[in-house]
Amino acid sequence: MDASVATRDAPAKDPHMPPMHRAGDLIAPNAPQDIAAAGLEEGTLTDLVVKLTYTVARFTPEWVAKRLHLSLPLVRELLHKLALDGLLEEVMGVSRYKISPQGREQAVRLLEVCGYIGPAPVSLETYTAMLRWQFANAPEVLPEHVVEALSSLVVSPEAAQLAGLAVSSGSSLFVFGPPGNGKSSLGRQIHAALRGDIWIPHCISVGSSVIRLFDEQCHQRVEVVSSRPGTIDERWVRIRRPLIVVGGELTLNLLDLMFSRSQRYYEAPPHLKANGGVFLVDDFGRERVSPDQLLNRFITPMEFQMDYLTLETGQKIEVPLRHVLIIATNLSPELVTDPAFLRRMGYRLYLGPPNPEQYARIFRNYAKRLGVAVESEVIDRLLDRYRAQNRDLRACEPRDLIERSRHICHFQGKPLELTSEVLDLAWMGYFGNQ
């Protein structure tokens, strides 16, 4: 999702869309130069400045601008306004300010409501408009992108095409089948088919509440260098399109806003952080809540590309959800889904056991990655052993057997070799003494 491919410099008219400009090969949000241009409710920025200045004895406009990711002209306007209101005092002759006693009292009251101090937020409406515009100008997912993304996997052309259709359409994908056949790997690697980067805000403002969206642990920042410093709104961060993975730890509470009672602001749930990318629910049906509860939680977001989240006050807010939802399970669909849910899924994909030719290809590919050749007779002997023990082939087992062979060779003080003798011991260590 790269704004550099947009066909026009100016986004479509939207009352909440921030003004944009071309910065090199990107289209970036303009840095607001006054309070009105920031697009926030009255008092949001002044309250944030009061809380920030409460933490230090003296400060300069430049220091405030850097901490709040705001332009210097805007910060000077904010400081001037607060000084007129008696909340700040200018230290004469040194271009510095300090908070007044009245400002300290105000800061204490504000911190009791919201303890957030950091980069200034954007409004929820502005975030929604920006997300909508970026999707309208997103690079298309082409078949060659899907092939490249899944190049390290051995899957059928039909499976690759269905996964590609899900990400290219921005819809959802339900992947099911026996364990160990690449469902999680496909869900993770198809993410690479999404091209381009996106802008997201550090945080979102909803009235007096702040929701932190940008997460260093989940999002990969892209450095943006502008030939005209100070022209890009630094409340926005440019990131790679995200991949957010949740598994057995998922609960219904994790899919709502997480309020920190010590910091008194909200953390966005994982599916909101996944906006613009892929949200993978792995091992579906093995979470600590019933599949029915999770299904009911996902139905509205899937169908309407939006969700309702709840503030501590009980207020419901509507947030946009524009990601590719991938649900992977090794349980029978009849046990973890119902027809109403499956009807709303964009695509369904069954990943079954590999056939012998696919198994051999997976084995050779993994061995090649480790720089080891493997004789065809060795693989044929392995396949005979599967048949003799009536075992189903699984796509993960070539990797597992080769890794155990590596342990064996390392233990014996020799380089990795995939001989029948080594693999016999690896087989015994993996499957037991049958």
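L351 is buried, because its relative accessible area is 7%, and buried means under 20%. The model in which this residue is seen is a predicted one. Leaving aside residues up to four places away in sequence, L351 touches A159, V175, F176, G177, P178, N181, G182, K183 and L186. Between the C-alpha atoms of L351 and G276, which are 75 residues apart along the chain, the separation is 26 Å.

α8 (183–189), β17 (324–329) and α13 each supply at least two residues of the lining, and α13 gives the most, with 5 residues. By class, the lining holds 14 nonpolar, 14 polar and 5 charged residues.

The second largest pocket contains about 330 Å³ of space. Of its 18 lining residues, E223, V224, I232, E234 and W236 lie nearest the centre. Strand β10 (residues 236–240) provides the largest share of this lining, 3 residues. The lining consists of 7 nonpolar, 5 polar and 6 charged residues.

The strands also deserve attention. Five strands form an open sheet in the order β5-β8-β9-β13-β12, with mixed pairing. β5 (122–123) and β12 (258–260) stand at the edges with a single partner strand each, so one side of each has no neighbour in the sheet. β5 pairs with β8 (residues 203–206) in the parallel sense over 2 bridges, and S123 stands opposite S205 in β8.

How values were computed: Residues numbered from 1 in each chain as written. Predicted model: local features only at pLDDT ≥ 70, side-chain atom pairs only at ≥ 80, totals over all residues. Heavy atoms only, no water. Buried < 20%, exposed > 50% of the residue type's maximum accessible area, 1.4 Å probe, protein only. Contact = heavy atoms within 4.5 Å. Pairing = 2+ DSSP bridges. Helix = DSSP H or I, 4+ residues; strand = E, 2+ residues; numbered from the N terminus. Nonpolar A, V, L, I, M, F, W, Y, C, P; charged D, E, K, R; others polar. 1 Å grid on protein atoms, 1.4 Å probe; cavity = no way out; pocket = protein on both sides within 12 Å on 5 of 7 lines; lining within 4 Å. Points joined across faces, edges and corners; volume = space filled by probe spheres on them.
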